[in-house]
Amino acid sequence: MAREKDQVEIEAELFATIATLDTLTKSLIEGDLDPTLYKRQLRSLMRDAFKARMKLDKMNFNLNKFLEKEKIIEKFPYGAERLRLAEGTMPTSDEIPVGTIGPSFVSVSNIAAKTADVVANMIELIDLAKLRSVARIDLIVPNLDDILLLLENFPGFGKDYWVYTEIERWRDNLKKESPDKVINEEMAKNLEYNAVRWLNDFRRRLRE
């Protein structure tokens, strides 16, 4: 019974996190939230989601059934979409071997925090590209800087990772533009397309 109670409580935490993610994203889309504040809160919420999912993975938990039972997609489409983007990046073992890069083993909580930060920055980049009004150089370039730093220090990735190379090229090209410039529609679509590619490959490599 205690285990079942724990699972219900953690599911409630995940539900609340998804609901808050949904509200946060709506506020950004409607122009009621500063992108800088959005970034900070998004990163915190993604860490909360990762913690809840890691705990639930050790229990008899089925995410699809949870989403269906609680009608998450209908109630919180933006929050559910961000959770979907993060799925496949959550460690499930107690320790993750990282070969000869860094220490012999890295704790799951450490990897999860790093992963949540990468995913949050990627999601923010996708959102910036989608929303033309906030697709400004002074918001996009710092985001790309953050992703590069995270990948550089992430066990098993680093500067030789092809995603790092592509992001660096984007960052260097955009830095030549005026900070207050809003990128054009074609560039925004191209950036969104590539950001999805980068996130998908990052997820795939983590699973492997």
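Is K71 buried, exposed or partly exposed? Select K71 to start the tour. K71 is partly exposed, because its relative accessible area is 49% and the exposed class begins over 50%. Keep in mind throughout that this is a predicted model.

**Stop 1: K71**

Stay on K71 and show the backbone. K71 lies in the loop between α3 (63–69) and α4 (72–75). Now check the phi angle. K71 has a positive phi of about 55°, although K71 is not a glycine.

**Stop 2**

Next, select K26. This residue belongs to helix α1 (residues 2–29). K26 counts as partly exposed, because its relative accessibility is 34% and that class lies between 20% and 50%. K26 and P77 are 9.9 Å apart in space. In sequence, 51 residues separate K26 and P77.

**Stop 3: α2 and α7**

Select residues 35–57 for helix α2 and residues 137–152 for helix α7. The two helices pack at an angle of about 25°, and their axes are 11 Å apart. An angle under 35 degrees counts as roughly parallel, so α2 is roughly parallel to α7. The crossing of α2 and α7 is right-handed.

Now show side chains. On the α2 side, pick P35, T36, K39 and R43. On the α7 side, pick L139, P142, N143, D146 and L150. These residues make the contact between α2 and α7. Color them by class: the contact has 4 nonpolar, 2 polar and 3 charged residues.

**Stop 4: α8 and α9**

Move on to helix α8, residues 162–174, and helix α9, residues 185–207. Their axes are 10 Å apart, and the packing angle is about 155°. Angles over 145 degrees count as roughly antiparallel, so α8 is roughly antiparallel to α9. Look at the handedness too: α8 passes α9 in a left-handed crossing.

Which residues of α8 meet α9? Select W162, V163, E166, I167, W170 and L174 in α8. Their partners in α9 are M187, N190, L191, N194, R197, W198 and D201. The contact of α8 with α9 has 8 nonpolar, 2 polar and 3 charged residues.

**Last view**

The α2 and α7 pair is roughly parallel, with a right-handed crossing. The α8 and α9 pair is roughly antiparallel, with a left-handed crossing.

Methods
Residues are numbered from 1 along each chain as its sequence is written. This is a predicted model: local features need pLDDT of at least 70, side-chain atom pairs count only at pLDDT 80 or more; totals for chains, interfaces and linings use all residues. Side-chain values use heavy atoms; hydrogens and water are left out. Axes are lines fitted to C-alpha atoms, for helices over the stretch in contact, and angles run from 0 to 180 degrees between N-to-C directions. Helices (H or I, at least four residues) and strands (E, at least two) are DSSP runs, numbered from the N terminus. Angles under 35 degrees count as roughly parallel, over 145 as roughly antiparallel, 65 to 115 as roughly perpendicular and the rest as oblique. A crossing is left-handed if the near helix is turned anticlockwise from the far one by less than a right angle, and right-handed if clockwise. Contact means heavy atoms within 4.5 Å. Ala, Val, Leu, Ile, Met, Phe, Trp, Tyr, Cys and Pro count as nonpolar, Asp, Glu, Lys and Arg as charged, and the others, Gly among them, as polar. Buried means under 20% relative accessible area, exposed over 50%, partly exposed in between (1.4 Å probe, protein chains only).
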